[in-house]
Amino acid sequence: MPILLILLVLGVIFMGIATPVEAAGIGTFGAFIVCAAHRRLTWDTIREASVATLKATAMVMWIFFGATMFVGFFILKGGQNFVAESILGTGLAPYGVLVLMMIILFVLGMFLDWVGILLLTVPIFLPILKSLEFGGTFGLAGVAPEDVPLWYGVIFMVNMQMAFLSPPFGYSLFYLKSVAPPEISMATIFRSAVPFLCLQAVGVALCIVFPSIVLWLPKVMYGGN
């Protein structure tokens, strides 16, 4: 049942039947059905789920509010132009600029929430990337200018997966600690996350070197060459 629910939500998005927000509503309705099928649909369950959703939504909205204000002041004071000029002033090739951005995102992910990083960096990084030409690496295919936003968006999210695992702020590490046996220390969890961070870094590199990993499915689903 949970697998069918996942396929339903993703299916209505990919088929263009519903937007992501509408698909979330469909997923919620499907979750009610799954819960009822397991005979766990009670008023207490609904209340607990509603309260948890309200708390999560309020937290995200406050993060959006604070990050938006910070970014607004940052741009107003010329911070966006300063960062853009500093990056372009390095004289790096387009792929060097992209790698530099990935390093910046990784460092920010150690201390900030991904929503704040999104609102802070995308308005600065994306215009820079759209002004560059990515002709490919090692003789492989490059990225067309119109595909750069999608390509960068996926690379950004893969990079943010490292933020969930990178100490000292990694969400997933603290979630794991909450369910791990008491004898498992936080230091042990931090050390155990290192191999997964390396795997995520490999994933980012593959998406950069082989952009078709990112672009193939959208082109198949929505057309394009």
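Colleague: What makes Y95, F134 and W151 belong together?

Modeller: Y95, F134 and W151 form one aromatic cluster. Rings of Phe, Tyr and Trp (its six-membered ring) pair if their centres lie within 6.5 Å; planes under 30 degrees apart count as stacked, over 60 as edge-to-face and the rest as tilted. Please keep in mind that this is a predicted model, where local features need pLDDT of at least 70, side-chain atom pairs count only at pLDDT 80 or more, and totals for chains, interfaces and linings use all residues. Residues are numbered from 1 along each chain as its sequence is written, and side-chain values use heavy atoms, with hydrogens and water left out.

Colleague: How many aromatic pairs does a search of the whole structure find?

Modeller: The search finds four aromatic pairs. In one of them, F134 and W151 have centres 5.1 Å apart and planes at 70°, and the pair is edge-to-face. F134 lies in the loop between helix 6 (114-130) and helix 7 (148-163) and W151 in helix 7, so the pair ties together parts that are 17 residues apart in sequence. Helices here are DSSP runs (H or I, at least four residues), numbered from the N terminus.

Colleague: Why is the pair of Y152 and F156 called tilted?

Modeller: The ring centres of Y152 and F156 are 6.2 Å apart and the planes stand at 50°, so the pair is tilted. Both residues lie in helix 7, four residues apart, about one turn of the helix.

Colleague: How do you know that Y152 is buried?

Modeller: Buried means under 20% relative accessible area (exposed is over 50%, partly exposed in between; 1.4 Å probe, protein chains only). Y152 has 2%, so Y152 is buried. F156, at 2% relative accessibility, counts as buried, and F134 and W151 are buried too.

Colleague: Why does S166 count as buried?

Modeller: Its relative accessibility is 1%, so S166 counts as buried. S166 lies in the loop between helix 7 and helix 8 (171-179). Leaving aside neighbours within four places in sequence, S166 is in contact (heavy atoms within 4.5 Å) with F106, G109, M110, L173 and L197.

Colleague: Where does helix 6 bend?

Modeller: Helix 6 bends by about 45° at T121, and a proline, P123, follows within four residues. The bend is the angle between axes fitted to the seven residues ending at a residue and the seven starting there. T121 is among the buried residues of helix 6, which also include L120 and I124.

Technical notes:
Helix = DSSP H or I, 4+ residues; strand = E, 2+ residues; numbered from the N terminus.
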